[in-house]
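Hello,

Here is the structure I promised to pass on to you. Have a look at it first, and then read my notes below.

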Amino acid sequence: MKNKVKTTFIVTTLAMGLLHLINHFISAAATVNNLLKPRAGKHFDWRFGNIYYTKTGSGSPLLLIHDLAPYSSAYEWHEVIRKFSKDHTVYAIDLIGCGRSDKPNMTYTNFLYVQLVSDFVKQVIGQKTDVAATGISSSFVVMACHNDPALFNRIVMINPESLMKLSSIPGKRSKVTKFILDMPIIGTAVYNIIVNRSNIEYSFTEKYLYNPFRLQQRYIDAYHEAAHLGKSGGKYLLSSLNGFYVNANISHALKEINNSIFIINGKKRDDSIAVAESYLAVNPSIEADYINDAKMLPQLETPDELYQHMSLFL
């Protein structure tokens, strides 16, 4: 019995050591090209970690916030930043847990990002600002605006998450998923499987882009690298997303804020009309429009059309 226990311990230790080396190799290989190197970026020393951002152009401030996923970053906006910088001082941020910002081991919540957006506007931008946010990130912009409307001017929500999904709360199954992903070695291995290059490419062709022929290899490379920066610390964000800890019911805040809100949905997104109508049902003053040949990321797929739509509003 002692020999069996000893053998099991040795085999387990060796297996875990090998898995750790594999995890390290995957992370190193994904970031070796340094596609997201901070060329002209700055860092905001926030209380929960360093936040990477860029500042370009001149004029009234515009804050661009990417979708919330472990492989997302301000790279999402790189096709349109130069366009907007002609008339605006454009701030493009890597949210905590994403891209070139810190990725601490913590539970990420909607309120955490509400605090980040509010503090960034107060301490970095320093004046009332327009904001454009993608996907679930739109939810904490709404909540931040509800908490402190003096910080925000106009809000553009690009393919915002459905109000029904935002109302989902952690349950037993989601808590188990979070526990597994948060594990030091096994969780990192699971994370590496989930955010591998093939799965990221699949997300682009099936979810993000309507026309798969618009997909460029550099998009996949940049997203793959973003997922593995910070020693794959993006797994803590992923575990919080899968555990529904980032969700928040924003209906009350959405109904009460008086700021001008503009929704831009990709027409080819499956639930684009239903999502827009659900937001308008809560706040009829919201304006909504569609980009015909786009899904979730028109800023990458149809940047000229997105720029034209947003320019009419901002």
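Of the 314 residues in this protein, 51% count as buried, meaning under 20% relative accessible area with a 1.4 Å probe and protein chains only, while exposed is over 50% and partly exposed lies in between. Please keep in mind that this is a predicted model, where local features need pLDDT of at least 70, side-chain atom pairs count only at pLDDT 80 or more, and totals for chains, interfaces and linings use all residues. Residues are numbered from 1 along each chain as its sequence is written, and side-chain values use heavy atoms, with hydrogens and water left out.

The protein has 14 helices and eight strands (DSSP runs numbered from the N terminus: H or I of at least four residues for helices, E of at least two for strands).

Ile 155 counts as buried because its relative accessibility is 0%. Leaving aside residues up to four places away in sequence, Ile 155 touches Val 131, Val 141, Cys 145, Ser 260, Ile 261, Phe 262 and Phe 313; contact here means heavy atoms within 4.5 Å.

Then there is a helix pair. Helix 3 (residues 110-125) packs against helix 4 (residues 137-147) at an angle of about 65°, and their axes are 8 Å apart. Axes are lines fitted to C-alpha atoms over the stretch in contact, with angles from 0 to 180 degrees between N-to-C directions. Among the residues making this contact are Phe 111 and Val 114 of helix 3 and Phe 140 and Met 143 of helix 4.

Best wishes
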